[in-house]
Structures are given as structure tokens and as C-alpha cells.
Amino acid sequence: MSSESELACVYSALILHDDDVAITADKIATLTKAAGVDVESYWPGLFAKALAGIDIGSLISNVGSGSGGAAPAAGGAPAGGAAEEAVEEKKEEKKKEESDSESDDDMGFGLFD
């Protein structure tokens, strides 16, 4: 669970990003003080360093994608073939896993035998 200090820094960073202002430790500290939240002195610097050079907009838009940071290709056609091949490979792997589990059943013993 996040502490109040962490949440205050996260919200401060989101506010700064929304206003197109550079995210610095001083600005995060200023916003948290203005909100009346007591934050340990290391949190603003920690968040500022962690977010340096990161595209926060892409982080926000890919929160639930589960892609591990890689955004989907916007081109469509060139990446389509590779995506279809990956889906086919996953289907083949799933079939192999199913057949492996079935072969365990054929060995003549089970958990409750």
C-alpha cells in the first residue's frame, strides 16, 4: 500500500505533467507543501529522478495494456504479419502444453489413485 507521502508525490508529478511543466524535486515539494501534506525530504527527489526522461503520457495511456512498456504499432500493415505469426506460435505452444498434461494422465497413476 502506498503511503500518503508517495501518493502526494505521484499526484504532484501528474499535476506538473498535465500543466506541461518540468518535473523537478523543488516543484514536487512546493506542490505537496501547498496541499498541506508533510512529505519526507527524500520523496520529491526520488520521484523527480525516477521520472526524468520518461514519457509520462505513454505511461498513463498504457497502464492496463500489460505490454511491458512497448506501445502497439500504429502502422498496422507491416507489423500485422509478425503479430499473426506470434499468435499462431502461442496457439501451438498451448496445444503442446495441453498434450503434455494429457500424457501425464496416461501414465497410469494420478494424485488420488
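At what angle do helix α1 and α3 pack, and how far apart are their axes? They pack at about 45°, with the axes 10 Å apart. The model is predicted, so local features need pLDDT of at least 70 and side-chain atom pairs count only at pLDDT 80 or more, while totals for chains, interfaces and linings use all residues. Residues are numbered from 1 along each chain as its sequence is written, and side-chain values use heavy atoms, with hydrogens and water left out.

**View 1. Helix α1 against α3.** Helix α1 spans residues 4–18. Helices are DSSP runs (H or I, at least four residues), numbered from the N terminus. Axes are lines fitted to C-alpha atoms, for helices over the stretch in contact, and angles run from 0 to 180 degrees between N-to-C directions. α1 and α3 are therefore oblique to each other. Angles under 35 degrees count as roughly parallel, over 145 as roughly antiparallel, 65 to 115 as roughly perpendicular and the rest as oblique. The crossing of α1 and α3 is right-handed (the near helix is turned clockwise from the far one by less than a right angle). From α1, S5, E6, C9, V10 and A13 make the contact; from α3, W43, P44, F47 and L51 do. Contact means heavy atoms within 4.5 Å. By class, seven residues are nonpolar, one is polar and one is charged. Ala, Val, Leu, Ile, Met, Phe, Trp, Tyr, Cys and Pro count as nonpolar, Asp, Glu, Lys and Arg as charged, and the others, Gly among them, as polar.

**View 2. Helix α2 against α3.** Helix α2 covers residues 25–34. The α2 and α3 axes come within 8 Å and cross at roughly 130°. The two helices are therefore oblique to each other. Their crossing is right-handed. A25, I28 and A29 of α2 meet P44, G45, F47 and A48 of α3. Six of the contact residues are nonpolar, one is polar and none is charged.

View 3. Two aromatic pairs are present. Y42 and W43 form a tilted pair, 5.0 Å centre to centre, with 35° between the planes. The ring centres of W43 and F47 lie 5.9 Å apart and their planes stand at 45°, so this pair is tilted too. Rings of Phe, Tyr and Trp (its six-membered ring) pair if their centres lie within 6.5 Å; planes under 30 degrees apart count as stacked, over 60 as edge-to-face and the rest as tilted. Together, ring pairs link Y42, W43 and F47 into a cluster.

**View 4. W43 and F47 in α3.** Both residues lie in helix α3 (residues 42–51), four residues apart, about one turn of the helix. W43 and F47 are both buried. W43 has a relative accessible area of 13%. Buried means under 20% relative accessible area, exposed over 50%, partly exposed in between (1.4 Å probe, protein chains only).
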